[in-house]
Each structure stands twice: as C-alpha cells, then as structure tokens.
Amino acid sequence: MSLLLYETENSGGVPFGRLLQAEWRRLWKRRTVRLMALAAPLMALVSAKYLLSQNGMLHPGLPEYATAGSMPVLALAEMLVTAFSGMMLVLAGLTVTEEYRSGQLRMGMLRAASLTRIMSAKWLVCLAFMWIQLAAYFVCSAVVGRIWFPNPDTYPLFYEAGQAAYAEGLLYDLGYYALAALVLAALLAVFFWIAAIGRSSTVTLGLGIGFLLLSYLLPTVLTYFRPLFETQEYVRLYFLSLLMVEWEGLAAMLANLHGLRLWNLGVIGGYGLLFGAMTMWVWKRRDSFE
Amino acid sequence: MNNKQTVGIGNLIRSEAQRVFKRGRTWAVIAVYLIFVPLECLFLTMMNTSFYDPDHSVPLNSLNTAPFLLRELSILMNFVVIPMLAADSFNGDVSSGALRLALIRPVSRVKMFLAKWAVLGAAVGAMTLFTWAAGTVFGRIFMPAAAETTLMGAGTVGGLGAIGFGLGFYGMAFCIFLALIGVGGIVSRLAPNPVLAYIGMLAVIVGGIYVSDGMAFLLSVSDSIFHFLGHTGGSDAYLGWILCALLAGCVIMGAWSWGRREWMQ
C-alpha cells in the first residue's frame, strides 16, 4: 500500500516543492544576489537625499512634498522603474538565459523535471526575492522618513484622494506597496519571456531595456496627440504601458482616478497572463538539449 | 631579425573585428538602430518641432534638422547599443573563455584592450556618421526649405555653416560614445559576467547624475552638447574638459587594469 502511494506521488517527476527549494538555494548561492539583497537600505538613503533636495524647492502643501508618511511612496515611485526593474533584469538574465545557454541547467535536469516546471519555480523564487526586497525597502524608507522628514498632522494624498494623518498614511503606503508587488510580478513575467527568447544574456538585457524604453517612449509620444482623445480614452491608452502604471498609475489606482483602478488591474493582469502564457509556450516547445 | 616577438596592433584589430562582426547580435543591434533612424525622421516630420532642452523648443527646417535626430537616438545608443556591444566584447569573450584561444599567441593585454576599444569605436563611429548623413539628407529633402537658420551656439548660418555645425555636433557626440565604451571596458574588468557589466554601465550612466551635474551628459547627450556649444554656462560649460579627462582616465585605468589581468583564474 505504502509502496503504491509512493509510486503515484512520484509519477509526475520531482515534486514542485523540491524544485522551489532547489532554485531558492541556487539563487542565494550567487554572490551577485547576496550583494543585491543589501541594496534596499542603500536605495532608501539615495532617495532620501534626492527627496530632501526636492523638498527645498516645493511648497509643503503639495502631495509631492515628502513627509514621514509619504516618503515610502515617493521613494518607491522612482526606484520601481529604475532599480527594481534593473534587479529583475539581472535575475532573469542570470537565472534563465545564462543557465540555459551555458548548459548549467542540464545538471539540474538530470532528475526528471520539465523545463516548464523549472522555469515556473525560477519565476516564483525570483518573485519571492523581489517581494522581500520590496518589504525591506518599505521598512527602510519608513524608518528614514520618520527620522529625517517632517511629520505634519495631516498631509494631502495624490490626485486629491484626501488628507491623511501618519497612521492612515502608512496604511495608504501599504496599499501602494501591495499594488507595486503585483506590477513586479507582471514585469517579471515579461522579463522571463524575454530571457526565454534571448540568445545570450546581453541580448536579454538589451531587449529588456528596449522594452522599458518603448514603454516610456510610446506614452510620451501619445501626450502630443492628447487633443484627439477624450480624457477617459486618453488615460486608458496612456496606462496601457506597464512602466507608466508603475510610475504614475499606482497612485491613480488608489485614488480611483477616472475609474482607473479596474483598468490598471486589468492591464497588470493582462501583461502577466499574456507573457506568462507565451513563456510557458516557449519552454514547452523547446528541446532541453538544444 | 625584424620578426618581433609580439603581435602587432593592426593584426589585433583585424582579429577583434572578425570576432565582433561574427556575432549575430552585433548585426542585430546595428540593424535595430538603423531601423530607428528613419522612424526618428518620421517622428520629426510629424512634430516639426524639437528641443534644445526641455525648456527651449525650436521649429525645424531643412538646415537645422540634423542634430535633433540624436535627441532620442542617443538614448537608444547609450542604453542599448553601446552597453550590449561593450559587454559582449569586453566581458563576454573573457567570461566565456573564448578569448583564451586568441591569447595563445603572446599578445599584449593592453593592446588587446585598445584594439577592442578601437573596433567598437569604429562601429559606433560609423553609426554616428550614418545618423548625421541621414539627418542632413533627410532635412534637405523633407523639411520646410530655408536659406539660413539660427542654431544655438552657431548664431545665424547658411547651408555650409549648418553642415559644419552638424559635423561638430556629431563629433562631440562621438566623443561621448567613445568615453562610454571606455567606461564599459573598465566596468567589464570588474564585473564577473556580461549581465553585471551591462547593468554596471547603466549604473554609471544613471548614477553619474547623483555624483555631479557635470556627469549628466551620459544621460542627456544632445541637451548637454547644445549647452556646451551654446555657451549657456551651467554644469555643461566644462563638457569639453570633462570629456577629455574621462577619456584619458579610461585609457589609463583601462590599460593599467587590463595589463594586470590574470587570465587563468
């Protein structure tokens, strides 16, 4: 009986939990990744320096004026499109393209595990790493904000979403970071697709940066054609770009500006599903011993 | 007796050029850049306006169009083309071990570094020259005709003056690209794999503005050159000197660090 049970359990190859565990260890074996894990406090300090210099030029009544409560959001808005994207590109380039193209992956495939399952495990592990980074960044920027930034009784939120005291502000920040976590998952799916089709790690990075540049460029070009559209249509087209959702869309979602909350969620989900499915398809078709 | 024991720089450049242009992705990235040049031209015809910097717009005509092609194309150049080529050439060869085969002959490592720089410089230089030529020809044919035009830094100029200004502008841009390739050589020396070399170069470009406003020219190539040529003062006034210092620094640092490289690690 027990033997039978053992066999049915094992019929699908290596259990997914074991794959996750193995990938998690493999990830942390890299010196690059361990160094990257230290990035959160550094990034928080860099943004604090930048935001303090910006504060000197802004009126304290503006939502862009950084206070102890709004510091985590303001600090994330710029880092999400630069540093976090960069880290994810490094992860995708190293764990997918590099391992696959250099043949290291074959060692892991001595046991019966399909490429699709390995890649799913890699995606989950990289996402877990990014979410830990995000959480660490939240804690660091909240602490830095509390120490160095003014803490008024209430401060305005973005897009006229009302006034917030410090405690409410932190809740708002948490919501913002939760949405950011979703966008990171979608963007990581995009990068994993790029890493799957990239012939070498430099190509992966070039394509990834190209994707980010295009995601920035197309909405910028769209602003020239603003008079041609209704506001509703315009903002929807504008936030079709994942980068713009990251940059300005998250605050708009929290304020539910022009009904963008559902739309942006749809965009994020759409990117995730589309690129996730395309990645799966690539790995399904591909021979392990190319 | 004149049979020297080391390999000449000419042969090194030739062999490096063969390696660089043997890679499919070199051609791919060049092709992508060449596709974006006419797209940029199309974009400029649609807009009919471009910018010296975010605060100063300028109407385009048949003479002044050429420099403005670089406003968007330099971003593609600095963020995709040069980092890809440099990471592959300076780091990919080494970390994959392919370069060892080339180094079986007694090759000076410093010359190797300089040969790589020269080959990438020639490739990027050809692309820059092509952009200038495309911009000039395109402006003459498709933009509203003008007998003379006013350019920031050159005053009012005629046809020949505009061509001269364009050449000078693209010459400066080429020097910036060369400096970035040199930076790539040094970053690649430190990074253990091409991925980190690529990201390291981006970190230098973006991180430069956190160090000093004088380093912003790697990010905003055309704005900085206009400021420099137009003598508008500010942080770009010393662009010429900063560039010279950066180029010299890259040559010295690169030659020193590549000369000390241990190949059998």
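Select chain A and read along its sequence: the elements follow the pattern α-α-α-α-α-α-α-β-β-α-α-α-α-α, which amounts to twelve helices and two strands, where helices (H or I, at least four residues) and strands (E, at least two) are DSSP runs numbered from the N terminus. This is a predicted model, in which local features need pLDDT of at least 70 and side-chain atom pairs count only at pLDDT 80 or more, while totals for chains, interfaces and linings use all residues. Residues are numbered from 1 along each chain as its sequence is written, and chains are lettered from A and ligands numbered from 1 in the order in which they are written.

Keep chain A selected and show its C-alpha trace, which spans about 70 × 45 × 40 Å along its principal axes. Of its 290 residues, 42% count as buried, meaning that 20 or more other C-beta atoms, placed from the backbone, lie within 10 Å of a residue's own.

Next, select chain B and colour by pLDDT, the predictor's confidence in each residue, from 0 to 100; the average is 86, and 97% of the residues score at least 70.

Finally, show the whole complex, to which the predictor gives an ipTM of 0.85 and a pTM of 0.87.

Key
A residue is buried if 20 or more other C-beta atoms lie within 10 Å of its own, exposed if 12 or fewer, and partly exposed in between; C-beta atoms are placed from the backbone.
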